[in-house]
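Here's a quick tour of a two-chain model, for someone who likes to know the cut-offs behind the words. Have the coordinates open and follow along.

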Amino acid sequence: MIREDELGRVAAERPATGVQIGIRPGTIGGYVILGLLSLIYLIPLLFVLFVSLMSSRQFSLNAASFPDPIMWSNYPEAWVKGSFNTYFVNTLVYTFVIVFGTLIIATLAAFPIARAHVRGSNVFYVLFLSGILLPAGIIPQFFVMQQLGIYDTRFGYILLWFSRVALPIFIITGFIKSIPSELDDAAAIDGCSYIRYIFQVVVPLIQPALSVVGLIIAIRVWNDIIGPVIFLPSNSIKPISAGLLQFFAEFAAQWTLIAAAIVITASPLVVLYVFTQRYIIAGMTSGALKG
Amino acid sequence: MGRTAGIWPYVCLVPALAAFIFLEIVPALGTSIFSLTDYSGLPHAPINWVGLQNYHDLLTGGQTFLIRALQVTAIFSLLVTVVQNGLAVLIAWLLNSRLRGQITVRVLVFLPVVLGATVNGLTWYVMFNPLGGPVTLLLAELGIRANLLGNAATALYAVIWVQIWANLGFSMMVYLAGMQGIPAEVYEAGKIDGTSPWSAFRHLTIPLLAPSITINVLLAIIGTITGYELIFVLTDGGPAFTSQTLGMWVFNQAFFISNNRLPGYAATIAMVQFMLVFAIALVAQYYLRRREAVL
């Protein structure tokens, strides 16, 4: 369970506790391994970046080279041909609505559970917890959405994401439990209404947890591929991940454009990661760390 | 405050609970019911109760498919779990010493976890591309002509490589956090005894890391049996079903075999998958916990 003082203070910035290794053959071996590892991660990413800036002629002659001339035009070409305008707007809408919607319903549920304001709060807690472990029942989900008439609609896809509240509730409940409850009792005297109290008093207090959970949800929505492929077959409402895959299928063998499309899809995530990597790493591994 | 709030705490639970029950819990449990029907996925077609017919079909007619999918799942799950965890522990150990530039390495290795299956998969698709992909060129230098993703003998292993590449950062950070939870005094004591770094790793770090190993191994096993996003992007289970794990098969059988979609039958495969995950998780949990206690 993550607490306030631990949030964002991830492995990434704690001092190393291991043995201090001096300059010995072991150290050199260590540097060699880390160097090789970095190359295995850098080469594919840089290769795609280079290909995205190549002429298709250069790609077919010698792909493993620095782009010359630099073809900036691959980007607008891929953007227009792949209708990335539509996909980009769709993904922004999905991400925004799903992140804020999930945070709101998860906080509303987490507060009464954490404070035992409902009978059997532990039962609800365990029920939500079981959702982290249960496999997704994609076939019944398909059936339910078809019956409700929300299959292949924006609304249905968003609703499907709202059902994935288990992890957010788990993290937020843990966080609320770490905050002393004296304020709650004071509020009761004021006769502050329950829901208003959650939004005006609790939400500001748990804001660090909400930011981390929000970041994780945003990344997951941005990267979701199975969800849109099953539940959003119409191109006009597809998010960017499914749009990228669609583009890949339609423009097979036009590798320079495909590479540009990959970079277009990845770059918002890379920018987000560069600025918030401590919180992202903390949040994404926190589910495992409490175990 | 709880006593004075009346029904409001319950009202607050409703939105999350409703979405969670109707679109998560009920479908998760409902898979077992659909496995007993001939559900076709067509909006107005009737759904008939067929009893254990799907199970019978799977074990008789679909037997070769089932065995192949189980074999592919076993290879995929086993190789990914062992290699990913082995590498992650070693790299976390290196990163936990005071080598320079290690923060950059951490951030870089974790990056694919953020980029997701589509970007990671297509990136490696370009790398493996038979016309001018760097991996293909490198292999050609060594005298091997290969289309790794298009060849039935190699596709699964190419997918395994990408799966490990994509998830190594996650395991690594969990191990690193576990190692940083080990008090420095433990190593100080070792130093006085003249322990070498390798022996400290083997006899101090690994045993004290047991809880992290348990969780990482479990997550890897469950993730490889249930997850199929990367396989979907890279090969869609092909060529000739050689990279089709159980999870990939459920998805294809339910939604993407153009003229033979059988969601009811797919639900039956999903039940096999579920029982497999359940059994393995139980055994792994028992074995690893016992190991923790012994150490």
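## A cis proline in chain B

Pro239(B) sits in the loop between α10 (229-234) and α11 (246-256) of chain B. Helices here are DSSP runs of H or I with at least four residues, strands are E runs of at least two, and both are numbered from the N terminus. The peptide bond that links Gly238(B) to Pro239(B) is cis, with omega about -15 degrees.

A word on ground rules: this is a predicted model, where local features need pLDDT of at least 70 and side-chain atom pairs count only at pLDDT 80 or more, while totals for chains, interfaces and linings use all residues. Residues are numbered from 1 along each chain as its sequence is written, and chains are lettered from A and ligands numbered from 1 in the order in which they are written.

## Positive phi in the loops

The loop between α10 and α11 of chain B also holds Ala240(B). Its phi is near 55 degrees, a positive value in a residue other than glycine. Is Ala240(B) buried or exposed? Ala240(B) counts as exposed, because it has 10 C-beta neighbours inside 10 Å. The scale goes like this: 20 or more other C-beta atoms within 10 Å is buried, 12 or fewer is exposed, and in between is partly exposed, with C-beta atoms placed from the backbone.

Over in chain A, Ala253(A) has a positive phi too, near 80 degrees, and is likewise not a glycine. Ala253(A) lies in the loop between α13 and α14 (255-289), and is exposed, with 10 other C-beta atoms within 10 Å.

## A cis proline in chain A

Chain A has a cis peptide bond from Asp68(A) to Pro69(A), with omega near 0 degrees. Look for Pro69(A) in the loop between α2 (56-62) and α3 (74-81) of chain A.

## Where the chains meet

On to the interface: 93 residues of chain A are in contact with 86 residues of chain B, contact being C-beta atoms, placed from the backbone, within 7 Å. The chain A side of that contact splits into 68 nonpolar, 20 polar and five charged residues. Nonpolar covers Ala, Val, Leu, Ile, Met, Phe, Trp, Tyr, Cys and Pro; charged is Asp, Glu, Lys and Arg; the others, Gly among them, are polar.

Technical notes: Contact = placed C-beta atoms within 7 Å.
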